[in-house]
Amino acid sequence: MQDNSPAAFWLPAGLARDAPKYLAIAQALSADIRSGRLAAGVQLPPQRQLAKALGVDLTTVTRAFNEVRRAGLVEGNTKRGTIVSPSRTVPARIVVDEHRPAEATALIDLSMNMPPQPAEAGLREAIAEGIATVLASPHALARLHYQDNAGIPGDRAAGARFLAPRLGPVAPERLVVTSGSQAALFAVVSALLEPGSVLAAPEVTYPGLRSVAARCGVRLAAVRTDQNGLLPDDFEALCRANRPKALYCVPTLDNPTTATLPAERRQALVAIARRYDVAFIEDDAYGALPEHAPAPLAALAPERSWHVATLSKCATPALRLAYVATPGQAEALEITAQTRIINLMAPPLMSGLATAWIKDGTMARLTSAIRRENHARQAIAATALNGFTYRAAADAHHLWLSLPPAWVGADLSAVARKAGLALVGSAAFAVGAPPPALRISLGSAPSHDALRQGLNTLAALLSVPPEGVPGIV
């Protein structure tokens, strides 16, 4: 039974001192809802009154309420303001109503592969402080103007500093600052491959690469993989039969399989590429997340490697930046010419923010916080998906789940959407025939509770055959 009466004026019993004020309020409110102190349907105090009672500004309370709303614990009501959500508890079983449109259910997103944003990272505060620092510098006006298409010298030097722990010294003139890895991949493929030429890629690979290849008229040829990634013998057989111009791969925490290529396989791939004169397009989106990983291909074969390192997966997608380390200055000029056509330049203000974060250690701090949060979320997944077959890595914010036989060929994504989940199947990644699998992204869920709920819902769906799910006709 819902309690529709207004609450006595709610105040938190105490606020955490080691968290931003808005987050401390959100945590206290969430705890009182989960403990039952605030029952379902209870009306919360007006935000302005609560701000006055707590001695904070209205924006702080608004941010706190938004955090709790994203966790699904409160909701807006046109007549009564903010109320405790009547549907805050996890259902005991999955009920799918075929008459209800998918859009009617608030989705828990397990499809978008973005890094989690743990509270300890203080991302919003870091962005605000970082932008303020950039705009307060003596050269702030330059950040509001057009800039060199490859990035100004300071930003290229910062990119080289960011890559140095993995690649070693990178001359800034070999490096191009681009507006994200998708733009970078388009520029590299456009510069390296003519329409009709062959690009080797893993049998399941990043969907953005498939889109780039299609737009550029490039033919993808699949290289078989196992639990450790690309199989060198299969790559060599493909080189003999198809003569690819380049090999694309994500060698560390592969998307979607999470595999990290062992050092000996990387060496074998380099030897084959040199033998057949094949270039590497190395997508190192996740390379900054592991504290220890084998040397990138670009460190082993810099003369034939185009190394793309985005900041989207180790910091935030809001930084639309990727650094491209090329074999030499001439190749950097080719990439610059392509990026000039695509979007002229990387966003100057974001480039300045990234440079500031790399210099003052904020970038490393954010990456460390994301790494720790990934560990926590992988542990939640291990509990929820116990008994299912999947590949995972502690540092990754995704996993690769094999479908139970009963669900092979079934439209799981549509069923899951009606149960409140957004999923992406293997067809989005397959170069050839899609395997029976799902990529499960762990970073988009706004909280551990939401992630746990989503994974428990998924496990409940997969535990019964499609015909056993209520409401499916």
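My notes follow, residue by residue.

I am working from a predicted model, where local features need pLDDT of at least 70, side-chain atom pairs count only at pLDDT 80 or more, and totals for chains, interfaces and linings use all residues. Residues are numbered from 1 along each chain as its sequence is written, and side-chain values use heavy atoms, with hydrogens and water left out.

**Asp-32.** I found Asp-32 in helix 1, residues 21-35 (helices are DSSP runs of H or I, at least four residues; strands are runs of E, at least two; both are numbered from the N terminus). Asp-32 counts as buried because its relative accessibility is 11% (buried is under 20% relative accessible area, exposed over 50%, partly exposed in between, with a 1.4 Å probe and protein chains only). Its side chain makes a 2.8 Å polar contact with that of Trp-10 (N or O atoms within 3.5 Å, one able to donate a hydrogen and the other to accept it; residues adjacent in sequence count only if both atoms are side-chain atoms). Leaving out residues up to four places away in sequence, Asp-32 touches Trp-10, Arg-37 and Leu-38 (heavy atoms within 4.5 Å).

**Backbone.** Most residues other than glycine have a negative phi, and most peptide bonds are trans. I noted Arg-243 with a positive phi near 50°; it lies in the loop between helix 8 (232-242) and strand 9 and is exposed at 53%. Asp-277 has a positive phi too, about 55°, in the loop between helix 9 and strand 10 (279-283). I also logged a cis peptide bond between Asn-255 and Pro-256, omega about 20°.
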